[in-house]
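Dear colleague,

I am handing over the structure that we spoke about, with the sequence alongside. Please look through it before you read my notes.

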Number of protein chains: 2
Amino acid sequence: MSTTPTTDSTHTPTIGVFDSGFGGLTVLRALVERMPRARYAFIGDTARLPYGSKSRRTIARYAVESARFLLKEQGAEFLVIACNTASALALDAIQDAVPVPVLGVIEPGAAAARAASQTNDVLVIATDATVHSHAYREACAHHGLQALEKACPLLVPLVEEGWTGQDATGHTVTEQVIRIYLDELNAAAAAAGMKADTLVLGCTHYPLLRPLFERAVPKGMRVIDSAESAAASAAAMLNGHAVGVDPLAAATHTEIRCFATDSVEKFERLGSRFLGRPVGDVELVDLGG
Amino acid sequence: MSTTPTTDSTHTPTIGVFDSGFGGLTVLRALVERMPRARYAFIGDTARLPYGSKSRRTIARYAVESARFLLKEQGAEFLVIACNTASALALDAIQDAVPVPVLGVIEPGAAAARAASQTNDVLVIATDATVHSHAYREACAHHGLQALEKACPLLVPLVEEGWTGQDATGHTVTEQVIRIYLDELNAAAAAAGMKADTLVLGCTHYPLLRPLFERAVPKGMRVIDSAESAAASAAAMLNGHAVGVDPLAAATHTEIRCFATDSVEKFERLGSRFLGRPVGDVELVDLGG
């Protein structure tokens with residue numbers, strides 16, 4: 001006979017998490033830390049990445065296909081768009097297309113910057129595509145913040161090489177790259193007369209560099225991890241929707257299934273570092289297109 | 001009245017150059033240096049890059065569309081596939097689809113390594129996609145060479161950041177990254193019992209790092225620039241086809257038109273550094289799909 005309770009007065013929600021690749025696993029990790037007692041279905045649309053170079057219409061079509069997969073095939077009752085490009089360009093389209101709450105990663109990051117900043121001047125680092133969308137600048141402006149955005153294209157490949165400071169190889173390189181980017185960004189902010197006191201990590205790969213950034217920023221500057229901010233917002237929304245999530249429940253109740261639309265080799269090889277636990281078998285799905 | 005000759009006993013060929021992006025401009029640069037008296041039409045299929053994550057069939061379809069554009073719209077009589085992924089996966093398909101000679105970048109690189117190596121052991125660095133195709137390993141094997149390939153995913157973004165040693169910013173970072181990659185590669189070669197004496201730069205972005213590589217390799221190791229090798233092969237083939245190319249003709253006779261299938265901003269911003277001269281206006285073309 002089982003010693004675990006067989007009845008449960010609360011409903012275990014299924015949370016769907018979508019990314020164009022596997023970087024969004026950092027968002028899933030933050031979600032699991034806040035809400036371990038949930039089912040998670042993560043899909044990475046790896047066949048069609050990067051979204052950054054595609055049109056808004058194409059990105060919306062792709063993202064809606066993944067969202068529908070999470071709802072129809074996986075029973076998701078809540079969606080987190082763990083992809084900055086899709087959050088910037090397709091959040092409205094996804095919200096229009098599915099009948100469940102949908103959360104992106106950009107608004108929570110801007111809201112967390114609002115809570116952190118005293119000066120109302122914030123810095124945002126992200127990929128080239130996210131910066132060009134100016135989605136963070138606009139989201140910050142809605143919160144009364146002035147944001148200066150900078151593309152840092154070396155950071156994603158540095159993270160994917162594993163040069164994140166956990167071991168010696170490349171550690172010094174990554175520290176130098178971060179220093180160069182921050183020097184350029186702080187100089188641009190100073191030239192614009194800004195007194196920035198908050199740095200938003202606006203890419204799902206960057207949480208793995210958070211300790212390096214926290215050591216590298218000027219004294220007193222707050223570092224906002226948009227994956228963590230998105231997870232906090234998701235927990236608040238889910239509790240608000242009264243779907244019975246218990247953030248204090250045992251982590252053994254976490255159930256995670258990962259899907260990808262193309263070769264799962266890189267996903268399986270690198271994903272565990274992003275998720276902070278083994279990703280297990282990644283299942284291949286065909287969304288067409 | 002013009003003082004330039006209005007008749008010309010030699011035919012000025014039109015050479016079509018194709019890449020998935022703009023990295024192949026280093027190949028165009030090498031072609032122009034060898035054959036300044038020619039018309040060049042370059043197309044970067046920027047709307048659909050990167051090819052590296054796509055299937056062989058899809059890459060072949062895309063590459064053939066670009067090849068047909070160069071023939072039908074630009075009158076190309078000779079094609080250079082200045083893209084490692086397309087050379088690895090679609091060269092046969094392009095050769096079958098068009099009635100003009102077609103040259104890739106991989107076979108010339110392997111042939112140059114054959115000419116350079118005394119030990120028959122060579123090292124190849126390239127992108128992840130090129131390494132996974134093992135196209136260089138196979139091409140080298142046809143020349144009796146054993147090749148050890150290594151993916152160096154940080155080098156393309158370092159080049160695109162402009163951290164190539166022409167100025168101070170990032171110079172040290174790039175030197176360190178190159179040293180780490182070469183140390184790993186030389187250690188792997190030694191562990192495999194190889195006595196490598198030749199390094200092939202198997203990516204069209206890498207010619208911009210050639211001076212740094214030449215300083216970083218062990219004493220006596222030859223560095224093969226596959227863009228330069230491809231240009232040498234093209235010149236030999238064109239002279240062999242007696243289309244009247246005069247490599248000694250004045251550079252003022254060079255005519256270059258550049259096309260891209262998507263946003264030309266990055267192409268125009270970075271392209272000149274790859275081409276070694278202004279790329280001028282990049283014309284947008286729609287190849288569909």
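This is a predicted model: local features need pLDDT of at least 70, side-chain atom pairs count only at pLDDT 80 or more; totals for chains, interfaces and linings use all residues.

Chain A has 11 helices and 10 strands, and of its 289 residues 52% are buried. When contacts in chain A with a separation of 6 or more are considered, 75% of them are between residues 24 or more positions apart.

The contact between the chains

The contact between chain B and chain A takes 16 residues from chain B and 16 residues from chain A. On the side of chain B that touches chain A, α7 (155–160) and α8 (171–191) of chain B each supply at least two residues, and the largest share, five residues, comes from α8(B). The residues on that side of chain B divide by class into eight nonpolar, five polar and three charged.

Helix packing

In chain A, helix α4 (residues 106–116) packs against helix α6 (residues 135–142) at an angle of about 50 degrees, and their axes are 9 Å apart. That angle makes α4(A) oblique to α6(A), and the crossing of α4(A) and α6(A) is right-handed. From α4(A) the contact uses Ile106(A), Glu107(A), Gly109(A), Ala110(A) and Ala113(A), while from α6(A) it uses Ala135(A), Tyr136(A), Ala139(A) and Cys140(A). By class, the contact of α4(A) with α6(A) consists of seven nonpolar residues, one polar and one charged.

In chain B, the axes of helix α1 (residues 25–34) and helix α11 (residues 265–275) come within 8 Å and cross at roughly 40 degrees. The helices α1(B) and α11(B) are therefore oblique to each other, and their crossing is right-handed. Leu25(B), Thr26(B), Leu28(B) and Arg29(B) of α1(B) make this contact with Gly271(B), Phe274(B) and Leu275(B) of α11(B). The contact of α1(B) with α11(B) has four nonpolar, two polar and one charged residues.

Helix α4 (residues 106–116) of chain B is mostly covered, given that eight of its 11 residues are buried. The buried residues in α4(B) are Ile106(B), Glu107(B), Pro108(B), Gly109(B), Ala110(B), Ala111(B), Ala112(B) and Ala113(B).

Backbone details

Leu49(A) and Pro50(A) are joined by a cis peptide bond, with omega about -5 degrees, and Pro50(A) lies in the loop between β2 (39–44) and α2 (56–72) of chain A. In chain B, a cis peptide bond joins Leu49(B) and Pro50(B), and omega is about -5 degrees; Pro50(B) has its place in the loop between β2 (39–44) and α2 (56–72) of chain B.

Asn120(A) has phi near 70 degrees, a positive value in a residue other than glycine, and is found in the loop between α4 and β5 (121–126) of chain A. With 18 other C-beta atoms within 10 Å, Asn120(A) is partly exposed, because a residue counts as buried at 20 or more such atoms and as exposed at 12 or fewer. For Asn120(B), phi is near 70 degrees, a positive value in a residue other than glycine, and the residue sits in the loop between α4 and β5 (121–126) of chain B. Asn120(B) is partly exposed, with 18 other C-beta atoms within 10 Å.

With kind regards

How values were computed: Residues are numbered from 1 along each chain as its sequence is written. Chains are lettered from A and ligands numbered from 1 in the order in which they are written. Axes are lines fitted to C-alpha atoms, for helices over the stretch in contact, and angles run from 0 to 180 degrees between N-to-C directions. Helices (H or I, at least four residues) and strands (E, at least two) are DSSP runs, numbered from the N terminus. Angles under 35 degrees count as roughly parallel, over 145 as roughly antiparallel, 65 to 115 as roughly perpendicular and the rest as oblique. A crossing is left-handed if the near helix is turned anticlockwise from the far one by less than a right angle, and right-handed if clockwise. Two residues are in contact if their C-beta atoms, placed from the backbone, lie within 7 Å. Ala, Val, Leu, Ile, Met, Phe, Trp, Tyr, Cys and Pro count as nonpolar, Asp, Glu, Lys and Arg as charged, and the others, Gly among them, as polar.
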